[in-house]
Amino acid sequence: MNIKIFVMTHKLFEGPKDAMYVPLQVGHALRGTLDESYLRDDEGEDNISEQNPFFSELTGMYWIWKQCRDTDYVGVCHYRRFPVIKDGGAERLMTEKDCERILKEYDLITTEKLTLHSNYYEGFAVDHNLRDLQVTAQVVEEKYPEYKECFERLVHGNQVYFGNICVMPKKLYDKYCEWLFSILFEVQRRIDVTGYDGYRKRVFGFLSEFLQMVWIRVNGLRPYECRIAIIGEKFETGEVKRTLAGFFAKRDVQGAKAYFLECFEKRPDILMEASDITGELRICMQIISTCEFEKSALGNCILDKENDMRKLIKLFRELNGAVLACSRGEETEADRQILKNGLITESAIEVAKQVMGV
């Protein structure tokens, strides 16, 4: 098999050494060249590179569909998200031999399904403009009525593939893209994204994640669902943490809270595992909540005694671990000492219990 997995990127990154993984810069028409060695999604006349703010990695997927002619199998992953496979007790990057073996038995490779807290329809309504999904349903019914029943059933389910990550024969990929983009371009003609923020502008990228599952089900394809390793932290996430650290240093709880809520409004995915891979932003939110409860009960808060974010995160991780251990009757002397730490108040313990669900 001749296999290429294109790594969609809008940032410089250190890619795998495996030659199967080929960097493809998306949105090149808008941003300019990151690295001369990267392929670019505006090469060739037929491209949608300028649509990247609305289509995300799909501008790269479109380029592969229209411009890639020298490989039998193609795939898509991201500069921070790579397919991995279990090897003994550990996980490692998926190789060309792994793909060859898997694709002899399965029709395509995709991600493990995400299980959502609510059904897809309700979740979309929270983070996006629900009309965009409703219009998509109308377009699917009009253009591909045989997909309607599956669309309606899955949209009220609670699972979805994510990231448009996949590997499949190029001929199958071309059929998928022809179907997918015929839907999305029609949806684009019918909706108005004027005024959308940077997150919600990427509506077609989000819609396509759900449509991939519909397409797989209706066509009776056998997907191999693999784990995806998230490598490194998003620059935007680091920037948020650095800014919060500044607010903590100034003991400005309200400033920290207002700043985070503003970020969350623009990027509702900021606390998801793929963005907050260390869990430190969630700890920061716990610190802010604790400070508010402490100020209400005591008139002061932990920032009056300790305002270094690194030390605070370490302390709150230990606090959460101790609270969880105590709830299970498994606490150690070290756990008991953490709960007696002079920096830990009853308010902090109560917030930790809510965070840990105990």
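**Exercise 1.** Which residues of the largest nonpolar core touch the most other members?

*Solution.* The structure is a predicted model. Its largest nonpolar core holds 57 residues, and those that touch the most other members are Phe-6, Ile-64, Phe-151, Tyr-173, Trp-179, Phe-204 and Trp-215. Helix α8 (residues 170–190) gives the most to this core, contributing 10 residues. Next, consider Trp-215: with neighbours within four places in sequence left aside, Trp-215 is in contact with Tyr-147, Met-168, Leu-172, Tyr-176, Trp-179 and Leu-221. Another core, of 31 residues, lies apart from the largest one and includes Ile-287, Cys-301, Ile-313 and Ile-349.

**Exercise 2.** Determine how helices α12 and α13 are oriented towards each other, and describe their contact.

*Solution.* Two packed helices are described by the angle between their axes and by the distance between those axes. For α12 (residues 280–298) and α13 (residues 309–327), the angle is about 85° and the axes are 10 Å apart. Angles of 65 to 115 degrees count as roughly perpendicular, so α12 is roughly perpendicular to α13. On the α12 side, the contact involves Glu-280, Ile-283, Cys-284, Gln-286, Ile-287 and Thr-290. On the α13 side, Met-309, Arg-310, Leu-312, Ile-313, Phe-316, Arg-317, Leu-319 and Asn-320 take part. Sorted by class, this contact of α12 with α13 comprises eight nonpolar, three polar and three charged residues.

**Exercise 3.** Decide whether Ser-347 is buried or exposed, and name its contacts.

*Solution.* Ser-347 belongs to helix α15 (residues 346–356). Buried means under 20% relative accessible area; Ser-347 has 15% relative accessibility and therefore counts as buried. Beyond neighbours within four places in sequence, Ser-347 is in contact with Phe-293, Glu-294 and Ala-297.

Notes. Residues numbered from 1 in each chain as written. Predicted model: local features only at pLDDT ≥ 70, side-chain atom pairs only at ≥ 80, totals over all residues. Heavy atoms only, no water. Axes fitted to C-alpha atoms, helices over the stretch in contact; angles between N-to-C directions. Helix = DSSP H or I, 4+ residues; strand = E, 2+ residues; numbered from the N terminus. Parallel < 35°, antiparallel > 145°, perpendicular 65-115°, else oblique. Contact = heavy atoms within 4.5 Å. Nonpolar A, V, L, I, M, F, W, Y, C, P; charged D, E, K, R; others polar. Buried < 20%, exposed > 50% of the residue type's maximum accessible area, 1.4 Å probe, protein only. Core = buried A, V, L, I, M, F, W, Y, C linked by side-chain atoms within 4.5 Å.
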